[in-house]
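Please open the model in your viewer and keep the sequence panel at hand.

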Amino acid sequence: MQVTETLNEGLKRAYSITVTGAELDAKVLEKLKEAQPEVEMKGFRKGKVPMALLKKQFGQRVLGEAMQEAIDGAMKEHFDASGDRPALQPEVKMTNENWNEGDDVLVDMSYEALPDIPEVDFKKIKLEKLVAKADDKAVDEALENLAESAQDFKDRKKGSKAKDGDQIVMDFVGKVDGDAFEGGSAEDYPLVLGSNSFIPGFEEQLVGVKAGEEKTVTVTFPAEYQADHLAGKEAVFDCTIKAVKEPTAAKIDDELAKKFGAEDLAALKEQIAERLEAEYAGAARAVMKRALLDELDKAVSFELPPSLVTAEAGQIAHQLWHEDNPDVEGHDHPEIETTDEHTKLAERRVRLGLLLAELGRKAEVEVTDAEMTQAIMNQARQYPGQERQFFEFVQQNQQMQQQLRAPLFEDKVVDYVFELAEVKDKKVNKDALQKAVEALDEE
């Protein structure tokens, strides 16, 4: 077997690999000998079939496997000896297309090598960790929001007209073609106007009604309505309005706390403070992570594999185009050209991605099975009722697994660097933290 270098330019590499006919024939015989003890053939005892007959019967089938193994073996030997790590899957092409059994196998292999990543002195990296506490004002604001979400309703003044957002209590009877239909009647039914819980057009006709009023509402069931016998039919509802109520926030007291699973109001406030500070910590980490990436981007410089930059720039351009054209869901659109701005951003992402990958490799950072399982479960919650199918899909899809593993790995490497860098706490209020977070989107 012979490997000859044909290109060494920057990170681009190309080699010509020759597997001799004799080497390939020896590989075929080796595989046939491995299989011989288990082969059964009419006229011979198990394991006693002559090698010449085995080669005649199975030689062609084994030949393809032997050829692939020989080429894979040559590539592995090359990468082990050279220390090269390809940025993408190497391109491999057999060059003697008119190959016949017994001939040498000639293969061209080309790839872009990953660059050498320079060492970084993390002790020279100085970072600020923003620390915000949940003050009484923030806790009170959160309490008020909870109270609004747990709103009650109280009767409006006698004679008041119902507004959007009000609750009306009513009796109603629905009819189609003059006959009442099953499920179309109720008594003392509470309906919040604007909640869209009834057939389209129903609630709008009740805006302005008063307690004691009788109102006839005429609507048409949607053509795709779940009950086939009602789909597309016009229905008339005779409604008797018993009460008109306006929304009112729930009182902030121990009873409200119990609605949210706390023993009393003091316990609820503690829970809210803990939740807020967890949110603040997450926001502060995002700010510090961006600062770290900025520092790393300035600290290192090395040649980048052109194929990775081109691919990343294309993805960035494609993503930004869809953000500007949200109505286009598929990929049936004009070709999207990359700009210098896309390429510049791609270079930063590729540089930092390669650097973090190398840091993680050297530090032996790994994403555990438990962490992956948790990530899959978190993602599966976005598909209510189909969690099991999503879990099975991810288990069978290597690309999806990589998409979930990559951010976990990156965050673990970032945490590793945080421990090595010089980090100082900086106390700030919620508003200052919010401004720092908003600044991330502006960059």
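Begin by selecting Leu304: leaving aside neighbours within four places in sequence, Leu304 is in contact (heavy atoms within 4.5 Å) with Leu11, Val309, Glu347, Val350, Arg351 and Leu354. The model is a predicted one, in which local features need pLDDT of at least 70 and side-chain atom pairs count only at pLDDT 80 or more, while totals for chains, interfaces and linings use all residues. Residues are numbered from 1 along each chain as its sequence is written, and side-chain values use heavy atoms, with hydrogens and water left out.

Leu304 is placed in the loop between α5 and α6; helices (H or I, at least four residues) and strands (E, at least two) are DSSP runs, numbered from the N terminus. With a relative accessibility of 13%, Leu304 counts as buried. The terms are set by relative accessible area with a 1.4 Å probe and protein chains only: buried is under 20%, exposed over 50%, and partly exposed in between.

Next, select helix α7, residues 340–362. Its 23 residues should span 33 Å at 1.5 Å a residue, and the end C-alpha atoms are 33 Å apart, which agrees; the expected span is 1.5 Å times one less than the number of residues. Among the buried residues of α7 are His342, Ala346, Val350, Arg351 and Glu358. Against which helices do the buried residues of α7 pack? They pack against α5 (265–299), α6 (306–324) and α10.

Display α5 together with α7. Their axes come within 10 Å and cross at roughly 95°; axes are lines fitted to C-alpha atoms, for helices over the stretch in contact, and angles run from 0 to 180 degrees between N-to-C directions. The two helices, α5 and α7, are therefore roughly perpendicular to each other, a term for angles of 65 to 115 degrees, with under 35 roughly parallel, over 145 roughly antiparallel and the rest oblique. On the α5 side the contact is made by Arg290, Leu293, Asp294, Leu296 and Asp297, and on the α7 side by Arg348, Arg351, Leu352, Leu355 and Leu356. The residues of this contact comprise 5 nonpolar, no polar and 5 charged. Here Ala, Val, Leu, Ile, Met, Phe, Trp, Tyr, Cys and Pro count as nonpolar, Asp, Glu, Lys and Arg as charged, and the others, Gly among them, as polar.

Leu356, Ala357, Leu359, Gly360 and Arg361 of α7 meet Phe409, Glu410, Val413 and Val417 of α10. The contact of α7 with α10 divides into 6 nonpolar, 1 polar and 2 charged residues.

Move on to backbone angles. Most residues other than glycine have a negative phi. Just after α7, Glu364 takes a positive phi of about 55°. Asp177 has a positive phi of about 60° and lies in the loop between β7 (167–176) and β8 (179–192). At 68% relative accessibility, Asp177 counts as exposed.

Finally, select Arg13 in strand β2, residues 12–19. Is Arg13 buried or exposed? At 14% relative accessibility, Arg13 counts as buried. A polar atom of its side chain lies 2.7 Å from the backbone oxygen of Gly10.

Technical notes:
A polar contact is a pair of N or O atoms within 3.5 Å; within protein, one must be able to donate a hydrogen and the other to accept it, and residues adjacent in sequence count only if both atoms are side-chain atoms.
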